[in-house]
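Visitor: Please walk me through this model. I would like each label set against its rule.

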Amino acid sequence: MRIGMGLNYSGGFAETAAEVADLEKAGLDIVFVPEAYSFDAVSQLGYLAAKTSRVELASGILQLFTRTPTLTAMTAAGLDFVSDGRFVLGIGASGPQVIEGFHGVPYNAPLGRTREIVDICRQVWRREKVEHQGKHYQIPLPAERGTGLGKPLKIINKPVRERIPIIIASLGPKNVEMTAEIAEGWQPLFYYPEKATEVWGESIAKGKAKRDPALGDLQIYAQTPLAIGDDVDHMLDWVRPMVALYVGGMGAKGKNFYNDLAIRYGYAKEAETIQELYLAGKKEEAAAAVPTELLRSISLIGSEGFVRERVAAFAEAGVTTLNVTPFAADTAGRVRLIEQLRQICG
C-alpha cells in the first residue's frame, strides 16, 4: 500500500514545500497539489520538483475545462521534465459552480471531453503530429472555423516519458467505467471499502473489459483523513463539515454527484436531510446530520489496531494508494502520522 497526501498550503507555500521534503523522508510516496479557484497548481508543482527528489508529484486535479488539451499535455510534459519523471497528471471535471462561476465557460459533456483530452495528451507525449477530429475538440482547427492556416504539429521537446500516468477523479457509473478503461489511476472521494463493489463494481468491470493491457492494473487512490491513537475518535467530527459541504452544498437538488453517492451507499434519508439543511444555510445542523457510521467507514481515525483493520479493508477493496489528510497540529505531528502509517502499510 502506497501513501499519498493532498497539500494544504494556507500557511505559506515555502513552508509547505519544506514539510513535503520531511514527509518524503518519512515514507510519503506521492503528493497532490489542488487547484480549485486558488493559486494554480502548476507553478507550485514546479517549485516542489526543485525541493524534492523521490516523491511523486500529482495535480489534484487540473480541471478539464480550464486548459486546451494540448496545453494540458505540454504542461504535464514540462512538469515531468523538471521532476525527472515524477509527475502524475490528475484531471477531473470539477463542478459547474467553479467552471461557470469562476472560469466563465460552460460546464458540459465532461465524460466525452475527458476521453478526448486523454487521447490528445498521449498523442503529444508520443511526439506525434496531433490530429484529432472529435465532437468536442478538433485539432487542427477546421478551415471553416478559422483562418485555414492551421496544420498538424508535434511538440518540439522530447518528453521524458511517452506515457505519463493519468489519474481521473470520477464518481458516476459511466465516468468510473471510462476511467477504468482509459486511465492508469482512479481517484474517488469518500471511498467506503465495504460498499465499493456494490456501488462501483459493475462500472469498473465493464471498463476493465475494454482496458488496454499496456496500461497495467488500475491504481486506486482513495482519499481519507488520518489520525492514530486511543483518544482521537472526537476527530471524526472534524470530517463532518467537509462531508456536509459535498453531500449538501455541491450543486442543486438532483445535480449533486456526492449526494447521489451517499444515496448509493444506503443513506438516502440522511442525504436528503443534509442537503435540505445545507441549502437552507444551516451548515452546522447539516454537519451534525452526517451519520457517524459513514464517517468512520471512510476514515482512518482510531487506535492503531482499528487503523490497521481499515487499511486491510481498503486493500481488500482494491485501493493501492491511501491519499491521506493527517490530522495533526504541526509538521512534526504529520511526519509522525506518516511514519506510523508507513509501518502499518509495510
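**Cavities, cores and backbone**

Guide: The second largest cavity has a volume of about 40 Å³. This is a predicted model, where local features need pLDDT of at least 70 and side-chain atom pairs count only at pLDDT 80 or more, while totals for chains, interfaces and linings use all residues. Residues are numbered from 1 along each chain as its sequence is written, and side-chain values use heavy atoms, with hydrogens and water left out.

Visitor: What makes a space a cavity, and what makes one a pocket?

Guide: Both are sets of points on a 1 Å grid over the protein atoms alone. In a cavity a 1.4 Å probe fits but cannot get out. A pocket is an open set with protein on both sides within 12 Å along at least five of seven lines. Lining residues have an atom within 4 Å of a point. Points are joined across faces, edges and corners, and the volume is the space filled by probe spheres set on them.

Visitor: How many cavities of 30 Å³ or more does the rule give?

Guide: The count is 2. About 50 Å³ lies in the largest cavity. Its lining consists of F190, V243, V247, Y258, L261, A262, Y265, L294 and I298. Helix 8 and helix 9 (257–264) each give two or more residues to that lining. Helix 9 gives the most, with 3 residues. Helices here are DSSP runs of H or I, at least four residues, and strands are runs of E, at least two, numbered from the N terminus.

Visitor: Why is the lining of the largest cavity called nonpolar?

Guide: Ala, Val, Leu, Ile, Met, Phe, Trp, Tyr, Cys and Pro count as nonpolar, Asp, Glu, Lys and Arg as charged, and the others, Gly among them, as polar. By that rule the lining has 9 nonpolar, no polar and no charged residues. The second largest cavity has 4 nonpolar, 2 polar and 1 charged in its lining. Its lining residues include Q63, R67 and T72.

Visitor: Is A244 buried or exposed, and how do you know?

Guide: Buried means under 20% relative accessible area, exposed over 50%, and partly exposed in between (1.4 Å probe, protein chains only). A244 has 0%, so A244 is buried. A244 sits in helix 8 (residues 236–249). Contact means heavy atoms within 4.5 Å. Leaving out residues up to four places away in sequence, A244 touches G249, I274, Y278, A286, A287 and V290.

Visitor: What makes a nonpolar core?

Guide: A core is a set of buried Ala, Val, Leu, Ile, Met, Phe, Trp, Tyr and Cys residues joined through side-chain atoms within 4.5 Å. The largest has 103 residues, of which W125, Y191 and W200 touch the most other members. A second, separate core of 6 residues includes I30, F32, V88 and Y221.

Visitor: Why is D84 called exposed?

Guide: D84 has a relative accessible area of 67%, so D84 counts as exposed. D84 lies in the loop between helix 3 (69–82) and strand 5 (87–92). Phi of D84 is near 55 degrees, a positive value in a residue other than glycine. Most residues other than glycine have a negative phi, and most peptide bonds are trans.

Visitor: Which bond from I139 is cis?

Guide: The peptide bond from I139 to P140 is cis, with omega near -5 degrees. The bond from G60 to I61 is cis, with omega near 15 degrees.
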